[in-house]
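Here is a walk through one protein model, written for someone who would rather look at the structure than at a list. Keep the viewer open while you read.

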Amino acid sequence: MTHVLDGNAIGDRIRNDLAECIETLAAADVRPGLATVLMSEDPASETYVSMKQQACEEIGIRGVHREIDPDAPAKALFERIDELNDDPDVHGFLVQMPVPDHVDERRVLRRVDPHKDVDGFHPENVGLLVAGHARFKPATPHGIQKLLEAADVDTEGKDAVVVGRSDIVGKPMANLLIQKSPGGNATTTVCHSRTDDLGEKTREADIVIAAAGYPELVDGSMIKEGATVIDVGVNRVEADTEKGYKLVGDVEFESAREKASAITPVPGGVGPMTITMLLYNTVKAASIQSGVSVDLP
Ligand code: NDP
């Protein structure tokens with residue numbers, strides 16, 4: 001029987017534990033605050049920030065949202081970032097990517113106070129993660145670690161293949177898997193668009209994590225019997241539905257499910273974990289900044 005990992009249920013359990021942390025902070029008069037900054041009119045980005053704000057409201061985190069005209073000069077964004085860096089009620093914040101072309105994304109990431117960088121993308125936080133002392137683990141790979149843990153998939157000594165080497169998913173995922181700590185200790189291979197024979201690599205893996213942004217790239221013939229398959233991809237493909245499209249992952253679910261011992265669906269797998277772990281980092285930031293200790297899940 002293949003175990004279909006329910007990201008909604010696992011995410012809800014973590015959110016319940018986080019709600020207890022928020023109560024502990026409230027007892028000390030601390031209310032975690034998360035700000036989102038949007039400099040874009042891209043509907044997907046608008047949806048992402050509104051989902052993050054809604055999640056804050058549901059759990060009792062103070063949500064703050066700032067919008068900047070996408071045609072404004074980069075200086076307008078940097079000034080907002082400086083304000084949030086200085087605001088003691090905002091414990092964490094993020095600038096929703098992508099920013100307009102005239103704004104240098106790397107300068108944006110560096111401008112955020114690393115103690116408030118709940119996305120974990122500031123070079124200081126990337127360095128801490130690589131060194132094995134993560135302050136804020138990026139939400140998606142951290143969520144995947146929690147999914148694996150909840151499914152009793154021990155990564156130690158396993159062969160893991162990560163498909164994708166982006167700064168937000170592939171690289172931090174691989175870095176977490178190689179750490180000498182729980183959720184790590186895996187022998188990890190990172191594949192990308194120049195990988196010669198992807199199937200040859202994935203067929204060797206006990207754990208496959210697909211984050212390529214390419215619809216149904218990994219099918220059952222590329223999966224070893226009994227492997228764990230984590231599908232990060234969210235791709236719109238044309239379909240005969242009301243909206244004219246449907247969402248599919250980077251894994252061909254039905255054929256992969258026949259081989260896998262555990263697999264995540266799309267939607268309902270990794271997606272719900274990502275926002276949960278952003279809330280986690282916000283609670284952690286509030287705890288560190290206030291000096292009030294909490295029992296993080
Ligand atoms: P990027 O486009 O930044 O990176 C994709 C990576 O996949 C690149 O490293 C690229 O290689 C590699 N790749 C692309 N095509 C292939 C291929 N045919 N074979 C092997 N490798 C390939 O994407 P992200 O990492 O930002 O996101 C990946 C997917 O995950 C997307 O579908 C995205 O929507 C989804 N996502 C989902 C989240 C969630 O919460 N569920 C959160 C974040 C992302 P190269 O470097 O050589 O170009």
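This is a predicted model: local features need pLDDT of at least 70, side-chain atom pairs count only at pLDDT 80 or more; totals for chains, interfaces and linings use all residues.

Strand β2 (residues 33-38) runs parallel to β3, and the two pair over six bridges. Strands here are DSSP runs (E, at least two residues) and helices are runs of H or I with at least four residues, numbered from the N terminus; two strands pair if DSSP finds at least two bridges between them.

Residues are numbered from 1 along each chain as its sequence is written, and side-chain values use heavy atoms, with hydrogens and water left out.

How confident is the predictor? pLDDT is its confidence in each residue, from 0 to 100. The protein averages 98, and 100% of the residues score at least 70.

**Two sheets**

Back to β2 and β3: they belong to an open sheet of three strands in the order β3-β2-β4, with parallel pairing. Its edge strands, each pairing on one side only, are β3 (62-67) and β4 (92-95). Ignoring direction, neighbouring strands in this sheet are turned by 15° against each other on average. Helix α3 (residues 74-86) packs on the sheet and touches β2, β3 and β4; its direction makes about 170° with that of β4. Such angles run from 0 to 180 degrees between N-to-C directions, using lines fitted to C-alpha atoms (for helices, over the stretch in contact). Contact means heavy atoms within 4.5 Å.

The other open sheet has six strands in the order β1-β11-β8-β7-β5-β6, and its pairing is parallel. The edges are β1 (3-4) and β6 (187-191), each of which pairs on one side only. Within this sheet, β5 and strand β7 (residues 207-210) pair in the parallel sense over four bridges, and V161 has V208 as its bridge partner in β7. Helix α7 (residues 170-177) packs on the sheet, touching β5, β6 and β7, with its direction at about 170° to that of β5.

**Two domains**

The protein is divided into domain 1 (28-132 + 273-287) and domain 2 (139-271), with bounds that come from an automatic or database domain assignment. Their centres, taken over C-alpha atoms, are separated by 26 Å. Domain 1 puts 11 residues into the contact and domain 2 puts in 15 residues. About 1,100 Å² is buried between them, with carbon and sulfur atoms giving 63%; buried area is the accessible area (1.4 Å probe) that two parts lose on being put together, summed over both. Which three residues supply 50% of the area that domain 1 buries against domain 2? They are L129, M273 and T274, more than any other three residues.

**Residues to click on**

G7 lies in helix α1 (residues 7-27). Leaving aside neighbours within four places in sequence, G7 is in contact with L147, G268, G269, P272 and M273. S287 sits in helix α10 (residues 270-290) and, not counting residues up to four places away in sequence, touches L25, V292, S293 and V294.

Buried means under 20% relative accessible area, exposed over 50%, and partly exposed in between (1.4 Å probe, protein chains only).

| Residue | Relative accessibility | Class |
|---|---|---|
| G7 | 0% | buried |
| S287 | 13% | buried |
| N185 | 29% | partly exposed |
| D152 | 71% | exposed |

Most residues other than glycine have a negative phi, and most peptide bonds are trans. D152, in the loop between α6 (139-150) and β5, has a positive phi near 60°. N185, in the loop between α7 and β6, also has a positive phi, near 60°. As for peptide bonds, the one from M97 to P98 is cis, with omega near 5°, and P98 is in the loop between β4 and α4 (105-111). Another cis bond joins V266 and P267, with omega about -5°; P267 lies in the loop between β11 (262-263) and α10.

Technical notes:
pLDDT is the predictor's confidence in each residue, from 0 to 100.
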